[in-house]
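Biologist: I am new to this structure. Can you show me how to read its pockets and its helix packing?

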Amino acid sequence: MITKTEIDALVKEYENEDFIKDDPVRFPNRFKNKKDIEIAGFMASLIAYGRRDVFTKKLDQLFNLAQNEPYNFILNFEPEILGDFNYRFGKPEDFAQIFSVMKDLYKIDGGLEELFKYGYKNPVDNNMFIPVTDYFYSRVKNAGQGFYFMIPNPRNGGAMKRMCMFLRWMVRKGPVDFGIWNFMPASELLIPLDVHVARISREMGLLNRTSNDFKAVVELTENLRKLDPEDPVKYDFAMFGYGVNNQKK
């Protein structure tokens, strides 16, 4: 198993502003206004899957459509703004449904911070993401595959990687993360688990579970809390760094 000294050294090496340029977090980093940051982060998290060079080009297109004013884009959203914008599973109508729900969220119910805060204070089956996704599900009809891929159902037991990543950006404070939401401590964040992080964490001896599901997220996060009880998800950067180092060998 990797030692705390070794993994802390990797965090120190990789948790810096250079990380931003190759990560989807670069999109919310364009902005200074809190609502712009959180909306940009959520938009970026929706399609942060697949090849990084491909989805970042798509995000550039999306932010161009939004005229690089994400809060204004959501407040005044109309489906025709999107044209034929799509990404893999996400069709124009899927994006339109998500952004229409977000429009209501910001005009009527306070915004993403209030929604995630509600989920944190009122978890279902010990999962704060269920109230969040239920908000979206209850406000759409005839949603397609792309909608449910971008807003996945936590009741299915999946890792919720992109939502964990978005929450890390918003809650945790650091050179990469914004720390603009303070309704929960960083100690309660969950590691964003994808195939890459899962493989590396097993190589490090930090994860035994073979399925890359929510139970694996909990197991890995609990093991990372043993290394740093106050800030376990900082090791997301160490996983990244370890992976990069291995690829160079």
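Predicted model: local features only at pLDDT ≥ 70, side-chain atom pairs only at ≥ 80, totals over all residues.

Biologist: How is empty space found in general?

Modeller: Rolling a probe the size of a water molecule over the atoms shows where empty space is left. Here, 34 residues line the largest pocket. Nearest its centre lie A48, K161, R162, L193 and D194.

Biologist: Which helix gives the most to the lining of the largest pocket?

Modeller: Helix 9, with six residues. Several helices supply at least two residues each, among them helix 2, helix 3 and helix 12. By class, the lining has 23 nonpolar, four polar and seven charged residues.

Biologist: What is the volume of the second largest pocket?

Modeller: About 330 Å³. It is lined by 15 residues, and N126, N127, M128, E188 and L190 are the closest to its centre. Helix 9 and helix 11 each give two or more residues to this lining. Helix 11 has the largest share, three residues. The lining divides into eleven nonpolar, two polar and two charged residues.

Biologist: Now the packing. At what angle do helix 2 and helix 9 cross?

Modeller: Roughly 155°, and their axes come within 9 Å. An angle over 145 degrees counts as roughly antiparallel, so helix 2 and helix 9 are roughly antiparallel to each other. The crossing is right-handed.

Biologist: Which residues of helix 2 and helix 9 meet?

Modeller: In helix 2, they include I37, F42 and L46; in helix 9, they include R162, F166 and W169. By class, this contact has eight nonpolar, two polar and two charged residues.

Technical notes. Residues numbered from 1 in each chain as written. Heavy atoms only, no water. Axes fitted to C-alpha atoms, helices over the stretch in contact; angles between N-to-C directions. Helix = DSSP H or I, 4+ residues; strand = E, 2+ residues; numbered from the N terminus. Parallel < 35°, antiparallel > 145°, perpendicular 65-115°, else oblique. Left-handed = near helix turned anticlockwise from the far one by under 90°. Contact = heavy atoms within 4.5 Å. Nonpolar A, V, L, I, M, F, W, Y, C, P; charged D, E, K, R; others polar. 1 Å grid on protein atoms, 1.4 Å probe; cavity = no way out; pocket = protein on both sides within 12 Å on 5 of 7 lines; lining within 4 Å. Points joined across faces, edges and corners; volume = space filled by probe spheres on them.
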